[in-house]
Amino acid sequence: MDASYSGCWPTMITPFTEGNKIDFKSVKALVEWYINHGCDGIFAVCQSSEMFYLSEQEKLDLATAVKDAAAGRVKVIASGHTADDHAKQIEQLGNMAATGVDAVVLVANRMAKEDEGASAFNENAEDIFRQLPSVTFGLYECPYPYLRLLTDEFLSSCAKSGKLVFLKDVSCSNEIEKRRVELVKGTGLALFNANTSTLLDSLIDGYQGYNGVMANFHIDLYKWMYDHFRSEPALAREVSDFLTVAGVTEARAYPVNAKYHFALTDIPMSLVTRSKSVSLLNENARHEITSLIRLEKALRLKLGLQG
């Protein structure tokens, strides 16, 4: 197991200028914020980054900017694996690897159509591995545009062969997570949970970390739980309960509300977002974010964390 693939990793949002261009000044500030608040790595050019709404060049420029800003302090992984056409996917993945990111992230639902079965998925995956033999790959069970979970057989095979270094699990099921711990035991494949409500139990069972959207609001609270769930189990459960309830925010105009949260706290940025209308962040939704900020501050005080 590569210990560098562990801990708390944000799924990075993409700040845009009022003119709807990538705001690279805010990108750099975001990377610093993640690192200063305890992140162990950064997943850039992902669904939170609005990768389905970025041009091919924007994806590469964003990945490069994040890697340059991180400057080797934490690992940076990136996807941009959005094309429907298989040959185009190979091109996208190869170009992303050329940016120098530490791993390129495959998107499970891109590797077979929704009405295709495991055989088509496996064939396309094997062709990617064959055509890009020098690329380090991770895999993300991205829920958009549809959710495709890995089969036990594929996960076990990739773990034993070393074809994947990590999985971003979106199963939201402790039963599946327990099974996956056994499937990859003794291999170099790290399991990351994207789901907050099952996170603590998955860590107890053997998952290596968290990689989810709510790290854009309070990654330091996730990091505290990750660092203390064994030594302070009762308080870790309390933190988990807070994070689970706070995680409902994800369904409320994300990532617009994440940008609003940053703008109110640490990083000035516009609310311009390509995947969601800013109008979804109505007055009620804005009050919810200010309430969340107050609750975060109270929990940080209890845990002895800096704001």
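Q: Which residue of β4 is the bridge partner of Ile77?
A: Two strands pair if DSSP finds at least two bridges between them; strands are DSSP runs (E, at least two residues) and helices likewise (H or I, at least four), numbered from the N terminus. Here Ala103 in β4 is the bridge partner of Ile77. Strands β3 (residues 75-78) and β4 (residues 103-107) pair in the parallel sense over 2 bridges. This is a predicted model: local features need pLDDT of at least 70, side-chain atom pairs count only at pLDDT 80 or more, and totals for chains, interfaces and linings use all residues. Residues are numbered from 1 along each chain as its sequence is written, and side-chain values use heavy atoms, leaving out hydrogens and water.

Q: Which strands does helix α3 touch?
A: Contact means heavy atoms within 4.5 Å. Axes are lines fitted to C-alpha atoms, for helices over the stretch in contact, and angles run from 0 to 180 degrees between N-to-C directions. Helix α3 (residues 86-97) packs on the sheet, touching β3, β4 and β5 (137-140); its direction makes about 155° with that of β4. Helix α6 (residues 174-184) touches β6 (166-169) and β7 (190-193), at about 165° to the direction of β7.

Q: What is the strand order of the open sheet?
A: The 8 strands run β1-β8-β7-β6-β5-β4-β3-β2, with parallel pairing. At the edges, β1 (7-10) and β2 (41-44) each pair on one side only.

Q: Which residues touch the most other members of the largest nonpolar core?
A: Such a core is a set of buried (under 20% relative accessible area, 1.4 Å probe, protein chains only) Ala, Val, Leu, Ile, Met, Phe, Trp, Tyr and Cys residues joined through side-chain atoms within 4.5 Å. Of its 109 residues, they are Phe137 and Leu139.

How values were computed
Buried means under 20% relative accessible area, exposed over 50%, partly exposed in between (1.4 Å probe, protein chains only).
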